[in-house]
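Thanks, everyone. I have one model to show today, and I will go through a few local features in turn.

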Amino acid sequence: MSVEVVRRIVLLRHAKADWPDVADHDRPLAERGRQDAAVAGRRLAGSGVTPELTLCSTAVRARDTWKLCAAELPRRPRTTYESRLYEATPGQVIAVLNEVDDAVRDLLVVGHNPTLHTLADLLAGTAEGDTLARVHASGFPTASQAVLTLAGGWKSLEPGAATLTDFWTPHA
């Protein structure tokens with residue numbers, strides 16, 4: 001008799017970006033974004049989730065969010081900067097997650113909206129307490145985190161296969 005391994009996914013939206021006259025991919029964080037990214041890192045450090053792998057969009061604002069967040073963690077996970085996460089659809093993100101090695105139990109994804117909001121909603125077959133209602137009401141603001149659990153391997157991740165267990169935003 002085998003016991004299914006429970007895996008966790010943290011979806012972290014990049015922090016507040018600035019709007020200088022640069023290509024969208026190259027937009028840096030605003031001052032508030034730099035502060036919120038560090039707060040998000042402290043929140044993650046205290047959450048009990050210890051990511052073993054981070055998949056981060058290659059956009060400057062996502063990379064900078066991750067660097068500031070990671071500085072607050074007791075242990076920095078292995079990081080892969082994944083170009084497929086920039087301007088990805090939820091289905092494209094699921095395809096990337098399906099490729100994750102099953103040795104990884106806790107995974108962090110640093111990306112963008114509206115994709116992360118839609119992805120959290122799409123993956124959550126069930127939700128604990130009012131978490132799904134809070135995701136819907138908030139619109140998944142910058143530097144927000146959603147935590148989902150999955151019983152089974154990463155290849156089994158599909159719409160409705162996860163449980164939304166936590167949702168946090170820095171300005172709630």
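Where is Ala 161 found? Ala 161 sits in the loop between strand 6 and strand 7, the latter covering 162-168. Keep in mind that this is a predicted model.

Leaving out residues up to four places away in sequence, Ala 161 touches Leu 123, Thr 149, Leu 150 and Ser 156. As for Ala 23, which is 138 residues apart from Ala 161 along the chain, the two C-alpha atoms are separated by 36 Å.

Two packed helices are described by the angle between their axes and the distance between the axes. For helix 3, residues 90-97, and helix 4, residues 115-123, the axes come within 9 Å and cross at roughly 70°. Helix 3 and helix 4 are therefore roughly perpendicular to each other. The crossing is right-handed. Helix 3 contributes Pro 90, Val 93 and Ile 94 to the contact, and helix 4 contributes Thr 115, Thr 118, Leu 119, Leu 122 and Leu 123. By class, that is 6 nonpolar and 2 polar residues, with no charged ones.

Last, Thr 142. This residue lies in the loop that runs between helix 5 (131-138) and strand 6 (145-151). Thr 142 counts as buried because its relative accessibility is 10%, under the 20% cut-off. Its side chain makes a polar contact with the side chain of Arg 32, at 3.4 Å. Beyond four places in sequence, Thr 142 touches Arg 13, His 14, Ala 15, Lys 16, Arg 32 and Pro 170.

Terms used:
Residues numbered from 1 in each chain as written. Predicted model: local features only at pLDDT ≥ 70, side-chain atom pairs only at ≥ 80, totals over all residues. Heavy atoms only, no water. Helix = DSSP H or I, 4+ residues; strand = E, 2+ residues; numbered from the N terminus. Buried < 20%, exposed > 50% of the residue type's maximum accessible area, 1.4 Å probe, protein only. Polar contact = N/O pair within 3.5 Å; in protein donor to acceptor, adjacent residues only side chain to side chain. Contact = heavy atoms within 4.5 Å. Axes fitted to C-alpha atoms, helices over the stretch in contact; angles between N-to-C directions. Parallel < 35°, antiparallel > 145°, perpendicular 65-115°, else oblique. Left-handed = near helix turned anticlockwise from the far one by under 90°. Nonpolar A, V, L, I, M, F, W, Y, C, P; charged D, E, K, R; others polar.
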